[in-house]
Structures are given as C-alpha cells and as structure tokens.
Amino acid sequence: MSYATKNGHLRIASVNVNGIRAAYKNGMADWLADRDVDILCLQEVRAPDAIVHGFLGEDWHILHAEAEAKGRAGVAIATRKSSLEPAATRIGIGEEYFATTGRWVEADYVLKGSDGADTTLTVVSAYVHSGEVGTPKQDDKFRFLDTMIAKLPELAAASDHALVVGDLNVGHTTLDIKNWKGNVKRAGFLPEERAYFDRFFGEEIGWKDVAREMAGDVEGPYTWWSNRGQAFTNDTGWRIDYHMATPGLAARATTAVVDRAESYEARFSDHAPLVVDYKF
C-alpha cells in the first residue's frame, strides 16, 4: 500500500535520547507534540520494548531493537500512523557479531508523490559505537564502520531512496567539532574514523551528508555537547548526528534544523534532534 505525503513533504527526525525514560522526564513529549514528525528515529533508547511503547503511545507504529546488554544502546523507528506505515521492517545490520547489540533497524515505505507515482524509501536508525582508543570498544567501532561500508551500497541498490540517520559518533571534518585540535587523538575524531566518512560521502559510495550540504561550510551546527564545564552554554559542541542520504533523496531535502534547546536546563538529552523535511 502506498501513502500520500502531507503537502508533498515528509518530516524525519533523529535524536539520541540518552535513555528514553530520562528524556520523557525532562520534556521530550512536549518537543515531539509540537514538531509534527512523520518518522521519528531514536538512538540510545536504553529501555525494554514495553517502556518504549508506553511512552510513545498508540499513535505510532514502533520498530525497536533492544540491546541484549541491559541499559545500553537500543535503536527505534517510530512511524506516525496517521501519516504512513512501514511496508517492511528489519532488525540488524546483517553482521551476526552485532545481532543483539541494538544498533541498527530498517523500515521500508512506499510513498505516492504528487505525480501519482510510487516511490520506495528505506530509513535506517543507527547508533555507532562511541569507541575508546586502544580498547576492544574501538575495535568494535571499526568493525561496525567496516560493515557499513558494505551495507550502504546494498541499501542504495535495493530502494529508490535510502536514508541512514542517527548518532554515528564521528565528526567528519574540522567544521564538525569546535575544539578539533584538542581531539585528533580521541575517539570520535580520529583520522582513521574520519576516513570512513570520506568514503561514505566520496566517489566510492557517493552518499550525501544532508545537514552539511544544507548548512554549507560553517562551524556546526552541533548536535552533541559534553556535560562538562559550560560546553552547551558556549556551544562548544560536536556534530556527530547525521542524515546520510542517497543523492536523489538528498536533492529532495528542503530544510535541515538542529532543535537546540534554549538553555542547558531545557534540554531533554545531551544530543539535540536533527529534523529534515524531504519533498516528494
């Protein structure tokens, strides 16, 4: 079954909630009620399935991959039932090593454009490991990024449009981290990590960094801030949350907005939502 988009637009939001219980306690419901989101992608849900359904309620179709390790990771795609419904869903990136880690979910949609033609769209909510230099956590991060190198072309080949959103835990360029000089030897800005993103967005794989293309060559806009010091207040942040799209879909993006809270106290997570409208 295909679905018409509202005024030809589809609004897709991604946010690392840093624990959905804490996010709702701190005001996430108010943000969501005002944002008119069609597809909501969450990372670091860190809760059982029943809790996720309880918070979001009956208005959403929910695909949730809970991590086997309790209180860790977890990703979800919530689709507003009044807007559309997934035609198919899948859990996992396809690598058995990551099967129970709660880091990758996929949903397929069939959309009817203004010209009446059906278009297939695949949306992924992904949570890449934060990593830690010289530890098995970093080994797992590189293994996951290696798997993404193989996965992205498969997604692009299987659908008219494909989109990977989420906390990918790497700042691609010096524009993506305020204090980049002090972080070149730290997980999240290692040259070896950034080289993967050169491949994602370069000629080899050819996907597009939607928020960067919309913003241009400016610092940020950042999506995560450390809780240390005055990082949020001073906007000393990292841009590590992405909408990565196949070129045809990226060309349909009309707006890309980081919903940065008005104050440190007003945040519901240490990440800010990244909200993009696509025109069909």
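Why is strand β15 (residues 274-279) largely enclosed by the rest of the structure? Five of its six residues are buried, that is, under 20% relative accessible area, so the strand is largely enclosed. The model is predicted. In it, β15 belongs to an open sheet of six strands.

**Sheet layout**
- The strand order is β4-β5-β3-β2-β15-β14.
- Pairing in this sheet is mixed.
- Strands β4 (60-65) and β14 (253-258) form the edges, and each pairs on one side only.
- From one strand to the next, the twist averages 15 degrees.
- Strands of a sheet pair through backbone hydrogen bonds, in either a parallel or an antiparallel sense.

**Around β15**
- Strand β2 (residues 9-16) pairs with β15 over six bridges, in the antiparallel sense.
- S14 has L274 in β15 as its bridge partner.
- Strand β14 is joined to β15 by five bridges, and these two strands also run antiparallel.
- A256 stands opposite V276 of β15.

**Around β3 and β5**
- Strand β3 (residues 39-43) and strand β5 (residues 75-80) run antiparallel, joined by five bridges.
- C41 has I77 in β5 as its bridge partner.

Key:
Residues are numbered from 1 along each chain as its sequence is written. This is a predicted model: local features need pLDDT of at least 70, side-chain atom pairs count only at pLDDT 80 or more; totals for chains, interfaces and linings use all residues. Side-chain values use heavy atoms; hydrogens and water are left out. Two strands pair if DSSP finds at least two bridges between them. Helices (H or I, at least four residues) and strands (E, at least two) are DSSP runs, numbered from the N terminus. Axes are lines fitted to C-alpha atoms, for helices over the stretch in contact, and angles run from 0 to 180 degrees between N-to-C directions. Buried means under 20% relative accessible area, exposed over 50%, partly exposed in between (1.4 Å probe, protein chains only).
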